[in-house]
There are 2 protein chains.
Amino acid sequence: MTEPAKPVHWEDFRVGETVAFGRKHVTREEIVTFAREFDPQPFHLDEAMARDTLLGGLAASGWHSCAMLMRMICDDYLSGAAGMGGAGMDEVRWLKPVRPGDVLTARRTCLEARGSSSRPHMGLVKLFYEVVNQHSQVVMTWVGVQMFRTRAAGGDGADAA
Amino acid sequence: MTEPAKPVHWEDFRVGETVAFGRKHVTREEIVTFAREFDPQPFHLDEAMARDTLLGGLAASGWHSCAMLMRMICDDYLSGAAGMGGAGMDEVRWLKPVRPGDVLTARRTCLEARGSSSRPHMGLVKLFYEVVNQHSQVVMTWVGVQMFRTRAAGGDGADAA
């Protein structure tokens, strides 16, 4: 994996700011491999069977798209940074099919940032994520709350909680 | 994959009904393999590094848990049935860590069922899903809207939309 340029702490998030990141070339093999293991519905497995479905052709499982975004998030700023995990996601939306050959990029917009009263070395950030294809179409979005170490707490990536 | 016993159509969902299904034994190798590809944060990769984090030990990526639930859904009733896909998920919650050796089962509760005015051969179902471990702890939940072919439309699994 790509090493992030710098550990991101809670203080680095600014409400209203949008940051572009990531790049993922999606292959047919990856789509089918993921689907075989986790989501073996016809429209994720076989081009011919997929053609007559609502998706109109082979497309990645929505959970595969989530996983690919998660990897872009890790590569961009989360791995080795001051991330402490997340408790869930809301409004996961699969807006357009993700096709073999697509090149995906991502954007994150900070909606909220607040400290944690119970854990002063931790802060919470609410982020809106978008995944965009090579045609500038938004193919997926989600909203999630993530926990980050505060720079004030002096954390360096290993969680001392 | 296990072949579902019978294709499930939109008419088979009854609001308020809870159905138990699925069984998944989670291995350390699967947790680490998924994390390496999609979510390489320390607490999903390495027992020693995970011990001092909020998770308190190695745990599956939340997206891996989602993918494992999706597979249980497919095996139980979605693959080869009259499923037509889903547009998104809400309230994805990772409530407890999923550990190596855990044995997961699932429940789905039908919250709403309504026809589609634009596509008379299709119906929408809003389902609450829970994943439960061998200690009867609910480890994950989500709420999703899924599209199913109506039995009245005479569909047999191939979407004629």
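Predicted model: local features only at pLDDT ≥ 70, side-chain atom pairs only at ≥ 80, totals over all residues.
Visitor: What pattern does chain A follow along the sequence?
Guide: The secondary structure of chain A comes to four helices and five strands. Of its contacts with a separation of 6 or more, 70% are between residues 24 or more positions apart. Read along the sequence, the pattern is β-α-α-α-α-β-β-β-β.

Visitor: What values of ipTM and pTM does the predictor give the complex, and how many residues of chain B are in contact with chain A?
Guide: For the complex, the predictor gives an ipTM of 0.87 and a pTM of 0.89. On the chain A side, 35 residues take part, and the number for chain B is 35.

Visitor: Which element of chain B gives the largest share of the side that touches chain A?
Guide: By class, that side of chain B has 20 nonpolar, eight polar and seven charged residues. Ala, Val, Leu, Ile, Met, Phe, Trp, Tyr, Cys and Pro count as nonpolar, Asp, Glu, Lys and Arg as charged, and the others, Gly among them, as polar. The elements that give two or more residues to it are helix 4 and strand 2 (83-94) of chain B. The largest share, twelve residues, comes from strand 2 of chain B.

Visitor: Is helix 4 of chain A roughly parallel or antiparallel to helix 4 of chain B?
Guide: W63(A), C66(A), A67(A) and M70(A) meet W63(B), C66(B), A67(B) and M70(B), a contact of eight nonpolar, no polar and no charged residues. The axes of the two helices (residues 62-78 in each chain) come within 10 Å and cross at roughly 170 degrees; axes are lines fitted to C-alpha atoms, for helices over the stretch in contact, and angles run from 0 to 180 degrees between N-to-C directions. Angles under 35 degrees count as roughly parallel, over 145 as roughly antiparallel, 65 to 115 as roughly perpendicular and the rest as oblique. The crossing therefore makes helix 4 of chain A and helix 4 of chain B roughly antiparallel.

Visitor: Which residue of chain B comes closest to the rotation axis?
Guide: A rotation of 180 degrees with 0.0 Å of shift along its axis superposes chain B on chain A (RMSD 0.0 Å), by least squares on the C-alpha atoms of residues with pLDDT of at least 70 in both. That is the relation of a two-fold axis, and 100% of the contact residues of chain B recur in chain A. At 2.4 Å (C-alpha), the residue of chain B closest to the axis is D90(B).

Visitor: Is A60(A) buried or exposed?
Guide: A60(A) is in the loop between helix 3 (47-51) and helix 4 of chain A. Not counting residues up to four places away in sequence, A60(A) touches V26(A), I31(A), H44(A), S65(A) and V98(A). A residue is buried if 20 or more other C-beta atoms, placed from the backbone, lie within 10 Å of its own, exposed if 12 or fewer, and partly exposed in between. Because A60(A) has 30 C-beta neighbours inside 10 Å, it counts as buried.

Visitor: What is the phi of E91(A)?
Guide: Most residues other than glycine have a negative phi, and most peptide bonds are trans. E91(A) is in strand 2 of chain A and counts as partly exposed, with 14 C-beta neighbours inside 10 Å. Although E91(A) is not a glycine, its phi is positive, at about 50 degrees.

Note on methods
Residues numbered from 1 in each chain as written. Chains lettered and ligands numbered in written order. Contact = placed C-beta atoms within 7 Å.
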